[in-house]
Amino acid sequence: MEDIDLEQQEPFPVDRDGRRFGSAADGGRRMGCCEKFQQSVSKWMLPADSRVKYLERANCCPPPIFIILISIAELAVFIYYAVWKPQKQWVTLDEGIWKSPLTYKPEQRQEAWRFISYMFVHAGVEHIVGNLVMQLLLGIPLELVHKGFEVGMVYLAGVLAGSLASSIFDPLSALVGASGGVYALIGGYFMNAVVNFREMIPLLGVFRIVAILIFVGTDFGFAFYRRFLSDENGLKVSFVAHFGGIAAGMTIGYVFFSDYNKKLIKDPRFWLCIVGYVLFLIFAVCFNIFLSPAA
């Protein structure tokens, strides 16, 4: 019988004990729901050379805690302002959120927590549902593949970049919603889908890129309409946080999500993005203290 060089064989998915799924050595055991889900996630999120390593250590326990907890918190705050605060209507919130200590308002930007806390406040059902759906669809698979800490850092970096960008380029507008964080996840995922396109499953790669472009284009269109063309009274909500979030995602998010199973501190791209983000942070703080036209 001719000897087979195992090193020349295609890699196959294995469980946490190193056994091939469905193999004779595994007693003919078929993959469970969690294992099938993990295999699907690996095809969506990782290039071919990283999938085997991911499947070796993949586990549905613990679940993706960060993105689930942040989504519950955002939904809880929305319910609070929709139900317990006086509103003319709950589909599109008005008075309650504009008086909230969480909303970013340019005249109260000295209250520094508002640059982050605005992500918990949403302007209506369409706003909260859109953000929750996107961040759960992307955030859960990302957190299964990467650590919750990494996903959390990218998400919060997008939230902060969004409010700082808005305070610079649209300094007289208020800000609510978690779009900065959502767009950071989208930006990081999009960059990986483009850069690793040849290593991904081609049809899935095309679908992912097209789906992201359609969603971003539609969302930006509505944001522009609400900002410049809508006749609604009250404070105008800035759309610049979308740009700030996606810029953070395409830089910091891309580095975090592309270095699967690698040490970030050894990647020069990581330090380049960190330095760039810190410089932007310093400039934004100085702008808000000395140059902002807001009262």
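## Aromatic pairs

Tyrosine 80 has a relative accessible area of 38% and is partly exposed, whereas tyrosine 81, at 6%, is buried. Here buried means under 20% relative accessible area, exposed over 50%, and partly exposed in between, with a 1.4 Å probe and protein chains only. The model is predicted: local features need pLDDT of at least 70, side-chain atom pairs count only at pLDDT 80 or more, and totals for chains, interfaces and linings use all residues. Residues are numbered from 1 along each chain as its sequence is written, and side-chain values use heavy atoms, with hydrogens and water left out.

Across the whole structure, a search finds 7 aromatic pairs. Rings of Phe, Tyr and Trp (its six-membered ring) pair if their centres lie within 6.5 Å; planes under 30 degrees apart count as stacked, over 60 as edge-to-face and the rest as tilted. The rings of tyrosine 80 and tyrosine 81 are edge-to-face, because their planes stand at 80 degrees, with the centres 5.0 Å apart. Phenylalanine 283 and phenylalanine 287 form a tilted pair, 6.4 Å centre to centre with 35 degrees between the planes. These two phenylalanines lie 4 residues apart in helix 11, so about one helical turn separates them. Phenylalanine 283 is partly exposed at 47% relative accessibility, while phenylalanine 287 is buried at 13%. Phe256, Phe270 and Trp271 form one aromatic cluster.

## Helix 3

Helices (H or I, at least four residues) are DSSP runs, numbered from the N terminus. Helix 3 has 20 residues (65-84) and should span 28 Å at 1.5 Å a residue; the end C-alpha atoms are 27 Å apart, which agrees. The expected span is 1.5 Å times one less than the number of residues.

The buried residues of helix 3 are Ile67, Ile70, Ser71, Glu74, Val77, Phe78, Tyr81 and Ala82. Seen down the helix axis, they fall within an arc of 130 degrees, so they line one face of helix 3; the arc is that of the directions from the axis to the C-beta atoms. Leu69, Ile72, Val83 and Trp84 are exposed on the other side.

## Nonpolar core

The largest nonpolar core has 55 residues, of which Tyr155 and Leu185 touch the most other members. Such a core is a set of buried Ala, Val, Leu, Ile, Met, Phe, Trp, Tyr and Cys residues joined through side-chain atoms within 4.5 Å. Helices that each supply at least two residues of this core include helix 3, helix 7 (148-169) and helix 8 (179-195).

Not counting residues up to four places away in sequence, the contacts of tyrosine 155 (heavy atoms within 4.5 Å) include Ile67, Ile70, Glu74 and Leu185.
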